[in-house]
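Here are my notes on the two-chain model you sent over. Have the structure open while you go through the points.

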Amino acid sequence: MDLALQLLVNGIINGSHYALLGVGFGLIFGPTKITHFAFGPIFAVAAYVCWAAATKLGMPLAAAALVGIAASAAAGVLSYLWLYRPFERQGSSHLVVLIASLGLFITLENAIGIVFGTDTKVIADLSPDIFLWGPVVVTSIQLWQVAALALIAGLLAAFLRGSRHGKAIMAMTDNGEMAQIIGIDTVRVSILAFAAGSAVAAVPAVLILFKEGATPHMGFVAVFMAFVAVVVGGIGSFRGAIIGGYAVGIVENIGMWEIPTEWQSTIAFVVLFLILLFRPAGLFGRALR
Amino acid sequence: MERLTLLAAAVAVAFAGPAVAQEPPKDPPVIKIGAIFAMSGQASWYGTVMSQGMRLAVDEINAKGGVDGIKLEAVIEDHKGAGGAEGVAAINRLMSIHGVKAVMTSFTGPTLGIAPIADQNNIFLINGGGVGVKMIGASKYIVHNRSLASDLALGALQVAQSMGVRKMGQLHWKNDVGDNIVATVDPVWKKAGGSVVATEAVPQGATNMDTQVAKVRAANPDFIGMWMFTPEVGLALKRVREFGMKQPMIGVEFTANDAQIAGATAEGFLYLNDYFKASDDQPWSKQFAAAYEKRWGQAPEFYAANYYEGVYVIAELAGRARKKGGDYLNGERLKAALYENPRVDSVYGGQMTFQANGVAQKRVGLFKVEGGKGVFQKFVEVK
């Protein structure tokens, strides 16, 4: 039972991480319909810039984290303006944009390795507080992972429901063509979506830097789990992305209670296949449409 | 007259024999040494280090005149740390574009992929990095100047036995290397009276292993075997200690990369490995370490040492084979040259002896992490 409790807590922590990734990915995919695989290395950019700001420039961690988040947002916007927007103008198919995105993924990932080196970057002497709650162990960074989701989800909900730009994102998510017809500047909203989505994803990236360190390839798992969270939760639903993230996180941990851990990396795929098979619109996709 | 004829015939035979054996060597304009490393992808750290060791050795040998005046050239291909398909593509490029006949290989998957091609094309292979036991004998022409992982793990069990512990928990890479270690150590440990209370698999490249660590913790082992490699070792050490576990941990690798990741949580970690130490009583190792640090700005890892040493092995064998003339630069001739005298100079100090199975026999070192660095404790003769 002690193990089950620990696995449940691990699942909630991992789920919070996946949920934030899903929200960030969904913020971009929902309104723009661009399958932005370069989301992965842009996620990594946040961690690397934060690392450089903290270790090379000597900035305090909080300030370095903000610089990392800003860099990720800027990289996201540039990826839209320099890569996706020209394809949009040409009326290229989704497949062409998807392939371009994969190309950008590889280019950015290799560029990070060349610029920063391939060894794991860590913030030295960063020792998280460790809390023993009965049989359960958590660290302060893991608590931050959970808190970050709560904070960002709250702010995002207020932004999407209460601000003009937020409503424009929701309108484009619901129906891009209709949004354009009623006079929404969809290019501007797309820029905003790339900035916001990349910034949201930058937060878990920075926390992963603090927890495990940054590697050039950290974005691969990130974009994959973000994609799974969005598909499981329902494309176009931010609530769905959060619940999808938690579903994957909890299942891949609790599922290992009696199953050997060698099956763990299979679990996310199994969840994805089952959802695609029995509920293709995801858990919340249909309801919101 | 008859005696004269016999004498003349004997003289003719005496001269004819050496004339055949000493057919002039068919020298290439340059001896190209191929390499198949993980130059990109998640394991590119290895490729960087290995290629640095290789390049340094090539340049050193060339500065000394090459192999009997023939210069060496390093040709490096990328297997991306992936499986056999990338390795096959790489060796095909090395053969068809560059015409190499000696290849330095790394990683178990790609090596197993290229082994049959090496056999078909008479290519000499030397592995200084891969640790999978399946590589032994994978090709007629493969040799290893790297202690294999299962041997190191058996050495780790000897150390554990000497500590008097009985319940083993294991964290292992979920790939052929990790699976082979588990398959090797489990029966040995049980036969020695121990028990295995947890065996948890971590995918190579995983950044999150909290589930696996939680399960090992719940099993409450006396010690934990870390059957994985960088960077997962560093991450595992960190997470095990953060989970509040105090048990001793014994593994088969600890690099500077792991030290960076694990920080203070690595203190006390025991591991066995090929032992490279630059010291005053080992002039070659000292010279190598100084040259490597001067050129690359970092102290050499043993991976760098192995591939540096591997180039010297190939050069030595090419020189030996060349003395016998003919078309000497191929797997058959280089392997034969090695087993004429399987003792070869080692950058680790002294000489290493290549066993009949192709694996160089070196004593391995037991290290303990102190102050973030592996401190040599003693040599272990793996049984």
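What radius of gyration would a compact globule with 383 residues have, and what does chain B have?

1. Ground rules. This is a predicted model, in which local features need pLDDT of at least 70 and side-chain atom pairs count only at pLDDT 80 or more, while totals for chains, interfaces and linings use all residues. Residues are numbered from 1 along each chain as its sequence is written, and chains are lettered from A and ligands numbered from 1 in the order in which they are written.

2. Chain B overall. A compact globule with 383 residues would come out near 21 Å, and chain B has 23 Å, which agrees. (The radius is taken over C-alpha atoms, and the globule rule is 2.2 Å times the number of residues to the power 0.38.) Along the principal axes, the C-alpha atoms of chain B fill a box of roughly 95 × 45 × 45 Å. Chain B has 12 helices and 15 strands; these are DSSP runs, with helices being H or I of at least four residues and strands E of at least two, numbered from the N terminus. Buried residues make up 55% of chain B. Buried here means 20 or more other C-beta atoms within 10 Å of the residue's own, with C-beta atoms placed from the backbone.

3. Two domains in chain B. Chain B splits into domain 1 (31-147 + 279-362) and domain 2 (150-275 + 365-380), with bounds from an automatic or database domain assignment. Their centres, taken over C-alpha atoms, are 28 Å apart. Each of the two domains puts 15 residues into the contact, where contact means C-beta atoms, placed from the backbone, within 7 Å. On the domain 1 side, helices H4 (108-121) and H11 (302-323) of chain B each give two or more residues.

4. Chain A overall. Chain A, with 289 residues, has a radius of gyration of 19 Å, which agrees with the value near 19 Å for a compact globule. Its box is roughly 60 × 50 × 35 Å along the principal axes. Chain A has 12 helices and 2 strands, and 52% of its residues are buried. Of the contacts in chain A with a separation of 6 or more, 77% join residues 24 or more positions apart.

5. A helix pair to look at. H5 (residues 140-162) and H6 (residues 164-174) of chain A pack at about 85°, with axes 5 Å apart. H5(A) and H6(A) are therefore roughly perpendicular, a label that covers 65 to 115 degrees. Phe159(A), Leu160(A), Arg161(A) and Gly162(A) in H5(A) meet Gly166(A), Ile169(A) and Met170(A) in H6(A).

6. Where the chains meet. Chain B brings 27 residues to the contact and chain A brings 31. Among the elements of chain B that each supply at least two residues are helix H2 (44-63) and strand E7 (195-202). H7(B) gives the largest share of the chain B side, 6 residues.

7. One residue worth a click. His217(A) sits in the loop between helix H8 (186-211) and helix H9 (218-233) of chain A. Is His217(A) buried or exposed? With 23 C-beta neighbours inside 10 Å, His217(A) counts as buried. Leaving aside residues up to four places away in sequence, His217(A) touches Glu109(A), Gln42(B) and Gly205(B).

Note on methods
Axes are lines fitted to C-alpha atoms, for helices over the stretch in contact, and angles run from 0 to 180 degrees between N-to-C directions. Angles under 35 degrees count as roughly parallel, over 145 as roughly antiparallel, 65 to 115 as roughly perpendicular and the rest as oblique. A residue is buried if 20 or more other C-beta atoms lie within 10 Å of its own, exposed if 12 or fewer, and partly exposed in between; C-beta atoms are placed from the backbone.
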